[in-house]
Structures are given as C-alpha cells and as structure tokens.
Amino acid sequence: MNVHVVEHPLIAHKLTMMRDKNCNSKNFRELLGEIASLMTYDVTKDWETEPVEIETPLEKMTGTRLKGEVTIIPILRAGLGLLNGVINMIPHAHVGHIGLYRDPQTHKPVEYYCGLPKQLDAKCIVVDPMLATGGSAAAAITMLKEKGLHNICLMVLVAAPEGIKVINKEHPDVEIYTAAIDRELNDKAYILPGLGDAGDRVFGTL
Ligand code: PRP
Ligand code: URA
C-alpha cells in the first residue's frame with residue numbers, strides 16, 4: 001500500500017489533543033498547523049536538491065537548495081487548516097485551491113472551485129485533514145491530472161482504511177502521508193474514532 005504513517009511522539013500528542021471534543025477551534029487550528037509543519041519534514045525528506053553557489057560573510061561555498069517548483073493544494077475548506085503549517089516550511093511554494101464538499105446524502109464530492117498555478121512540472125502536495133471514503137481526495141487528484149499536474153502526493157491528518165484503498169486503486173502513483181490510520185467509517189461516512197467534522201472544527205461552524 002502507498003501509505004506512510006508519520007509517527008512521532010509530538011504528532012501523536014497533538015493529534016490526541018485535537019481529537020478531544022473539548023478542544024476549541026483556536027486550539028484545533030493551532031495544533032493542525034503545528035502537525036502540518038511536522039509532517040512536511042517527512043513528506044519532503046526524499047525530495048531532490050541541487051547545488052547552489054553562495055558566499056558566506058567569509059568565503060564562497062556550494063550550498064544546497066530544493067530542486068524545482070512546489071505547489072501546495074488545500075482542498076477547501078478544511079484543507080486550509082493545513083496550509084500555513086506547510087507553507088511556513090516551504091515559503092517559496094505556490095498555492096492552488098480546489099473546492100469540493102461532500103453531499104450529505106450521497107457522500108459523493110461536489111466540485112465548486114479550481115484555481116491552480118501554471119507550473120505544471122511542480123511537485124504537488126494535496127492537503128486535507130480527513131481521508132474518509134476517499135471520494136474528495138480522489139476527485140481532487142483527478143482534477144489536477146486533467147490540468148496536467150502529475151507529481152502529486154497527499155497529506156492528511158486522519159485516514160480511514162476505506163479511503164486509503166480508494167486512493168491506492170484510483171491513483172496508485174500517489175503516496176499518502178497520514179498522522180493516523182483509524183478503524184472504520186460509520187454509516188454517515190464519518191471516521192471512527194476520528195475527530196468529527198474537521199471543517200466545522202477549524203472554522204467554528206459547529
Ligand atoms: C471533509 C474533509 C474532506 C472530506 C473527506 O470535507 O475535509 O475534504 O470531507 O471525506 P471523503 O473522503 O469521504 O470525501 P467536507 O466535505 O466536510 O467539506 P468542508 O471541508 O468544506 O467542511
Ligand atoms: N469529513 C470530516 O470532516 N470528518 C470525517 O470523519 C469524515 C469526513
């Protein structure tokens with residue numbers, strides 16, 4: 001399976017705080033951003049670098065910089081909660097937005113926005129806290145591929161086994177990074193134990 005569980009005591013500690021139903025929106029947002037920054041370390045650890053000539057105050061040297069362009073693509077709305085944490089680590093990244101919501105009856109994704117930067121050869125990190133049925137992330141990745149973007153990975157906070165299967169089947173080229181794999185979906189396609197509705201908790205629309 002193309003899935004990496006990003007295991008770190010700080011991530012596990014912060015995620016547990018977020019899962020608690022008494023965690024308010026302010027704390028939820030802050031913790032989500034902090035985990036996103038920590039996860040970025042793992043997502044980027046095999047990225048290609050290239051040499052760059054610079055001058056320190058004392059002499060010339062050959063340093064290292066990331067090779068190529070990077071685009072971060074939050075799936076609206078909850079994906080916005082991960083954006084700052086990732087872009088703080090990769091400040092030169094471009095940002096694209098994909099607007100999708102799950103129809104409450106069918107649980108299928110409904111598209112309402114797509115705005116992407118022009119850099120088609122960029123490495124893309126699609127970010128969304130929840131991978132439940134996988135429908136939203138799979139549709140977002142299909143939209144990116146249709147626009148010509150192909151170097152794509154997916155960063156989520158909590159993944160259900162069902163969603164991982166869907167991404168692996170529909171997009172076997174896409175590596176998934178998650179802070180946790182939870183047990184299952186309930187009959188409303190919410191992740192168990194999960195953390196509830198991530199968008200509502202980020203934006204205080206409960
Ligand atoms: C949530 C979440 C994902 C999607 C996951 O978004 O942020 O985008 O559900 O579910 P899936 O894997 O079954 O598609 P939601 O549709 O609630 O929209 P929101 O971000 O605007 O709250
Ligand atoms: N979307 C969420 O925000 N939470 C879930 O558990 C499933 C989908």
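Figure 1. Gly 85 is buried, at a relative accessible area of 3% (buried is under 20% relative accessible area, exposed over 50%, partly exposed in between; 1.4 Å probe, protein chains only). This is a predicted model, in which local features need pLDDT of at least 70 and side-chain atom pairs count only at pLDDT 80 or more, while totals for chains, interfaces and linings use all residues. Residues are numbered from 1 along each chain as its sequence is written, chains are lettered from A and ligands numbered from 1 in the order in which they are written, and side-chain values use heavy atoms, with hydrogens and water left out. Gly 85 sits in helix α3 (helices, H or I of at least four residues, and strands, E of at least two, are DSSP runs numbered from the N terminus). Beyond residues up to four places away in sequence, Gly 85 touches Gly 33, Ala 36, Ser 37 and Thr 40 (contact: heavy atoms within 4.5 Å). Met 61 is 24 residues from Gly 85 in sequence, and their C-alpha atoms are 31 Å apart.

**Figure 2. Helix α2 and its cover.** Helix α2 spans residues 25-43, 19 residues in total. From first C-alpha to last it reaches 26 Å, close to the expected 27 Å (1.5 Å times one less than the number of residues). Its buried residues include Phe 28, Leu 31, Leu 32, Ile 35, Met 39 and Val 43. Gly 33, Ala 36, Ser 37 and Thr 40 are also buried. Residues three or four places apart on an α-helix point the same way, because there are 3.6 residues a turn. The cover over the buried residues of α2 includes α1 (9-19), α3 (80-89) and α6 (198-203). Strands β8 (123-127), β10 (151-159) and β11 (175-181) are also part of that cover.

**Figure 3. The largest pocket.** Its volume is about 590 Å³. A pocket is found on a 1 Å grid over the protein atoms alone, as an open set of points with protein on both sides within 12 Å along at least five of seven lines; a 1.4 Å probe that fits but cannot get out marks a cavity instead, and lining residues have an atom within 4 Å of a point. Grid points are joined across faces, edges and corners, and a volume is the space filled by probe spheres set on the points. The lining has 29 residues, with Tyr 101, Arg 102, Ser 136, Tyr 190 and Asp 197 nearest the centre. By class, 15 are nonpolar, 8 polar and 6 charged (nonpolar: Ala, Val, Leu, Ile, Met, Phe, Trp, Tyr, Cys and Pro; charged: Asp, Glu, Lys and Arg; polar: the others, Gly among them). Elements giving at least two lining residues each are β4 (70-76), β6 (97-102), β9 (130-131), α4 (135-146) and α6.

Figure 4. An unreviewed UniProt entry lists Ile 191, Gly 196, Asp 197 and Ala 198 under "binding site". The lining of the largest pocket includes Ile 191, Gly 196, Asp 197 and Ala 198. Ile 191 lies in strand β13 (residues 191-192) and is buried, with a relative accessible area of 7%. Asp 197 is in the loop between β13 and α6 and is partly exposed, at 26%. Outside four places in sequence, Asp 197 contacts Arg 77 and Tyr 190.

**Figure 5. The second largest pocket.** This pocket holds about 170 Å³ of space. Its lining residues include Val 43, Trp 47, Lys 123 and Tyr 177. Strands β8, β10 and β11 give two or more residues to this lining. The lining has 7 nonpolar, 1 polar and 2 charged residues.

Definitions and conventions: UniProt positions are given in the numbering used here, feature names are shortened, and annotations may be inferred rather than shown by experiment.
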